[in-house]
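Here is a short briefing on one protein chain. Please look over the sequence and the structure before reading on.

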Amino acid sequence: PDGAEEALRWVEALGWGIALRPQQVPPVAWSAVLRYLTAGESHGQGLVVIVEGLPAGLAVTVEDIQAELARRRLGYGRGPRQRFEVDELTLVGGVRHGRTLGSPVAIEIKNTEWFRSDKWHEEMSPAPGETKEPLTQVRPGHADLAGMQKYGFTDARDVLERASARETAARVAAGALAKKLLCYLGIDVISHVIQIGEVKVSPGCLRPTPADLGAVDASEVRCFDEATSGAMVEAIKAAAKEGDSLGGVVEVLGFGVPVGIGAHVHWDRKLDGQLAQAMMSIQAVKGVEIGDGFEVAGRLGSQAHDAIRWNPESESYVRLSTLAGGVEGGMTNGELLVARAAMKPLATLNRPTLETVDTATKESALSFKERTDVTAVPAMGVVAETMVALVLAKEAQRKFGGDSVGEFVRNAESYRLTL
């Protein structure tokens, strides 16, 4: 028995499986995690996302996903595309009679603009041919030039169509499934805007809770503070008048996240590292912090950490603040999860003024104009929710496993009883 126990420990350490021990949560394979893959271009026929690793029995409908996609179109300062683009989606596979089957879920989001515009039929046709209007006045701050150099393209559209934030619609569809799964564990992920341009929410303002999400989404800029919301709208109007753009900051909050999601044992298992990578992958996001990461960097150590107390009523440990953002040592600590993402002003302007070079002539030029938003910060918040939810769902699957939702929930409840 002693030799067998030692062997099982080695198997677990090497990631080949999870050792079985008495009165423990059932085994979880190292590979039993959620993953997804998106495909499609901004003005192509549509977007596709395949989500693998969802347990069987997850209740999901087209309407659930469409509701999340509609939230992605919110926000004052969005461009005209948001007024006519309808996210017409189809559940292609992995769902039967409103529940997942445990197989990969495939979702298609049709691009209604492609179907109603002859321009994009020709410009984005997959058939052999070439464009009549190559884009060569590349935009600073965009993927245009680096992508053209990397792949040997002469037309920036070969890069920008995939680099476009339109791709995030497919991620939001995947995130809708992740949020549904997290709900079974009592986890809610929401976001709100805390800065647009130079206008910021005052320190100490109340944070929204899941019950306040409707009020956040009802705000023109998805800001929970009404006074600040009005000032943000005025800042957007001023930038729009000048043909310019604005960036900002969103805060994502995770409620009900249990202790122990993520791990300290490997660099790529640390939850804060995964959250940072996921949020940084959002188009135009240039900075991420967990908790008050940037502020505490300038504090003394005695003022930079969350004090711990024992609560005899709930028989649990509690932190007195959220400086760490609910993550310590790469693992959730059971407190409110707090992550922020900073979005730069968009590189495409309604009145192009950015100096560039025409890659065909090598002459100085102004960057070309593509339809754009004055700001996309409110929508970015919904995408940031998606990325946080996908990371949490993946690590929850790794932690608790289960081929069905029922098994997943039972495993999680068994774990909670050990805390």
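The points below go from the whole chain to its sheets, strands and helices.

This is a predicted model, in which local features need pLDDT of at least 70, side-chain atom pairs count only at pLDDT 80 or more, and totals for chains, interfaces and linings use all residues. Residues are numbered from 1 along each chain as its sequence is written, and side-chain values use heavy atoms, with hydrogens and water left out.

**Whole chain**
- The chain has 14 helices and 17 strands. Helices (H or I, at least four residues) and strands (E, at least two) are DSSP runs, numbered from the N terminus.
- Of its 419 residues, 47% count as buried. Buried means under 20% relative accessible area, exposed means over 50%, and partly exposed lies in between (1.4 Å probe, protein chains only).
- Among contacts with a separation of 6 or more, 70% join residues 24 or more positions apart. A contact means heavy atoms within 4.5 Å.
- The accessible surface comes to about 20,700 Å². Carbon and sulfur atoms hold 55% of that surface. The areas come from the Shrake-Rupley method with a 1.4 Å probe; for residues, only the protein chains shown count as cover.

**The four-stranded sheet**
- Four strands form an open sheet in the order E1-E2-E6-E3, with antiparallel pairing. Two strands pair if DSSP finds at least two bridges between them.
- The edge strands are E1 (35-40) and E3 (87-93), and each pairs on one side only.
- From one strand to the next, the twist averages 20°.
- E1 and E2 (residues 46-52) run antiparallel and are joined by six bridges. Tyr36 stands opposite Val51 in E2.
- Helix H2 (residues 62-72) lies across E3 and strand E6 (105-111). H2 runs at about 140° to E3. Axes are lines fitted to C-alpha atoms, for helices over the stretch in contact, and angles run from 0 to 180 degrees between N-to-C directions.

**Strand E7 and its partners**
- E7 (residues 188-196) is mostly covered, with eight of its nine residues buried.
- E7 pairs with E9 (residues 248-255) in the antiparallel sense over eight bridges. Val193 has Val250 in E9 as its bridge partner.
- E7 also pairs with E8 (residues 199-200), antiparallel, over two bridges. Here Gln195 is partnered by Lys200 in E8.
- E7 and E8 form a hairpin with two residues between them. Gly197 in the turn has a positive phi of about 60°.

**Helices with one buried face**
- H14 (residues 405-416) has twelve residues and reaches 17 Å from its first C-alpha to its last. That is close to the 16 Å expected at 1.5 Å a residue. The expected span is 1.5 Å times one less than the number of residues.
- Val405, Phe408, Asn411, Ala412 and Tyr415 are buried in H14. Seen down the axis of H14, they fall within an arc of 130°, so they line one face of the helix. The arc is that of the directions from the helix axis to the C-beta atoms.
- Cover for the buried residues of H14 includes helix H8 (168-183) and helix H13 (377-400).
- In H11 (residues 271-280), the buried residues are Leu271, Gln274, Leu275, Ala278 and Met279. Down the axis of H11 they fall within an arc of 120°, so they line one face of the helix.

**Ala215**
- Ala215 lies in helix H9 (residues 213-218). Ala215 counts as partly exposed because its relative accessibility is 45%.
- Ala215 and Asp225 are ten residues apart in sequence and 9.9 Å apart in space, C-alpha to C-alpha.
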